[in-house]
Amino acid sequence: MEHFDVCIIGSGSGNTIIDERFEGKRVALVERGVFGGTCLNVGCIPTKMFVLPADLARSPEEGGRLGVDLRFEGVRFEEVRDRVFGRIDPISSGGKQWREQQPHVELFTGTARFVGIDSLEIAIQGEDEPYRISADQFVIAAGSRARFQDLPGLNDARVAGAVHTSDTIMRLPSLPKSMIIHGGGFVAAEFAHVFSSYGTQVTMINRSPRLLRKEDEEVSALFTRLMGERVRLVLNQDISAYEANDDGTVAVIAADENGVEYSYEAEVVLEATGRIPNGDTLNLSAAGVEMDQDGYVVVDAHQRTTNDRIWALGDVCSHAQLKHVANAEARTVQHNLLHPDDLASTDHRFIPHAVFSDPQVAAVGATEQSLREQGRRYVTKVQRFGDVAYGWALEDQEHFCKVIADPATGQLLGAHIVGPQASTLLQPLVQAMSFGLGVREMARGQYWIHPALTEVIENALLGLELDA
């Protein structure tokens, strides 16, 4: 059995751990899929490269409100797709080749499972017999996979070929005329924006009454209404089966809360109901590694699992399932592998997120409904984009920034933005929360550029009614 100092399972954020400080160690890197992980290959990066053309495709509608006549003549989908993966695929393959050339790193392409507290069995692609290795320390960075429900009808090849997840939808051979998106979260919202902007007739089927239901209620309500103006929105229904039609389309059977069934038809279906952590594929019980009731690997503040020799990071252990969280956790694990007597912790207090749809949504901290459920005292201020100078330029009538603070301490408890540049506008609020900067100090302790859109943040902070 070959032995290593460190074995890392997953080549996404886990791959970033291996820098020059590991050149004196023997490192095994195991990847079951495409090198580089979810973010690079099927997640953050390619999706945003699809979003930007979608934003441009929407510009005639925006321009018309401002007296500029633009015309949308269509999207050359194949060119968009090939531009995205013509860049991403070489990065993935190049990264793999670079790792393979490093003398201290052994790259295994295959599926791993623990067979002991310090040993791993790898089913290597192209090999008949599994290969076993041992290591002093392991890092579980195996990520997550798209949720896919095995519903009636999927055994029909005509149906199976039309039902996709986020892993495959971006590599379609051509732009479909119609699409059904099952789900109402981040992934569903972004692809609804992309394909509806490109010219596809989109139907969204969501089992809850609102899209982005985990967002602040006011944000979720506005987003649901605005998206409903662009796509056919079917709420309070869930998919129960598929059927193939003679014309090549797929019939999606959905039922409401009373069991009444409805049928919807489209060329393509996107299953976008979330992602599942991959811990269940690793036989973790053999290594003494526990998972929680949702299937996430249990870790402490140092990213250490219930086996002191095994660490975990990213989607496999983080309920947030965000790349910037995985990167932060990778830095923590890297430090702890190199400095076992001086363990670092990951700061998970204020984790921001953004949805790159139209409108954009970004948030950090508590929602108003969560504080209300806790019985905690708070104050809020909703500042409309249209009430600041740049919002006038945008002729903005809908979007807003909402801030929530503790009236006694003046500390921000949460921030929620829906509208243009939301993902960028949020950052100073994340910074304030992370470093304990009070609302008044933030609002009046610096200049805010006039007439930049950041004035919506300034005015929101000034509008909070604190105790003193």
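Is strand S18 (residues 361-365) mostly covered or mostly uncovered? Strand S18 is mostly covered, as four of its five residues are buried; buried here means under 20% relative accessible area, with exposed over 50% and partly exposed in between (1.4 Å probe, protein chains only). Strands (E, at least two residues) and helices (H or I, at least four residues) are DSSP runs, numbered from the N terminus.

The model is a predicted one, in which local features need pLDDT of at least 70 and side-chain atom pairs count only at pLDDT 80 or more, whereas totals for chains, interfaces and linings use all residues. Residues are numbered from 1 along each chain as its sequence is written, and side-chain values use heavy atoms, with hydrogens and water left out.

Strand S18 belongs to an open sheet of five strands, ordered S17-S18-S21-S20-S19, with antiparallel pairing; two strands are taken to pair if DSSP finds at least two bridges between them. At the edges of this sheet stand S17 and strand S19 (379-384), each of which pairs on one side only. Neighbouring strands are turned by 10° against each other on average, direction ignored. Angles run from 0 to 180 degrees between N-to-C directions, and axes are lines fitted to C-alpha atoms, for helices over the stretch in contact.

On one side, S18 is joined by three bridges to strand S17 (residues 353-355), and the two run antiparallel. In this pair, His353 stands opposite Ala363. S17 and S18 form a hairpin, with five residues between them. The loop between S17 and S18 holds Pro359, and the peptide bond that joins Asp358 and Pro359 is cis, with omega about 10°. S18 is also joined to strand S21 (residues 412-418), in this case by five antiparallel bridges, and Val364 has Ala415 of S21 as its bridge partner. Elsewhere in the sheet, S19 and strand S20 (residues 400-405) run antiparallel and are joined by six bridges, with Lys381 opposite Val403 of S20. Helix H12 (residues 427-434) lies across S18, S20 and S21, running at about 170° to S21.

An unreviewed UniProt entry places the feature "domain: Pyridine nucleotide-disulphide oxidoreductase dimerisation" at residues 351-460. UniProt positions are given in the numbering used here, feature names are shortened, and annotations may be inferred rather than shown by experiment. Over residues 351-460 the chain is 34% helix and 25% strand, with the end C-alpha atoms 21 Å apart. A cis peptide bond also joins His450 and Pro451, with omega about 5°; Pro451 lies in the loop between helix H13 (439-444) and helix H14 (455-462).

For residues 4-329, UniProt lists "domain: FAD/NAD(P)-binding", again from an unreviewed entry. The chain over residues 4-329 is 26% helix and 28% strand, and its end C-alpha atoms are 22 Å apart. An open sheet of three strands has the order S11-S12-S13, with antiparallel pairing. Strand S11 (237-244) and strand S13 (261-266) each have a single partner strand, so one side of each is left without a neighbour in the sheet. The twist from one strand to the next averages 30°. Six bridges link strand S12 (residues 250-256) to S13 in the antiparallel sense, and Ala251 stands opposite Glu265 of S13.

Helix H2 (residues 44-57) and helix H6 (residues 186-198) pack at an angle of about 45°, their axes being 8 Å apart. H2 is therefore oblique to H6; angles under 35 degrees count as roughly parallel, over 145 as roughly antiparallel, 65 to 115 as roughly perpendicular and the rest as oblique. Residues of H2 that meet H6 include Phe50 and Val51, and those of H6 include Phe191 and Val194.

Ala28 is found in strand S2 (residues 27-31) and is buried, with a relative accessible area of 0%. Leaving aside neighbours within four places in sequence, Ala28 is in contact (heavy atoms within 4.5 Å) with residues including Phe4, Ile8, Phe108 and Ile133.

Most residues other than glycine have a negative phi, and most peptide bonds are trans. Gln303, in the loop between strand S15 (275-277) and strand S16 (310-312), has a positive phi near 70° and counts as buried at 0% relative accessibility. Gln421 likewise has a positive phi, of about 65°. Gln421 lies in the loop between S21 and helix H11 (422-425) and is partly exposed, with a relative accessible area of 39%.
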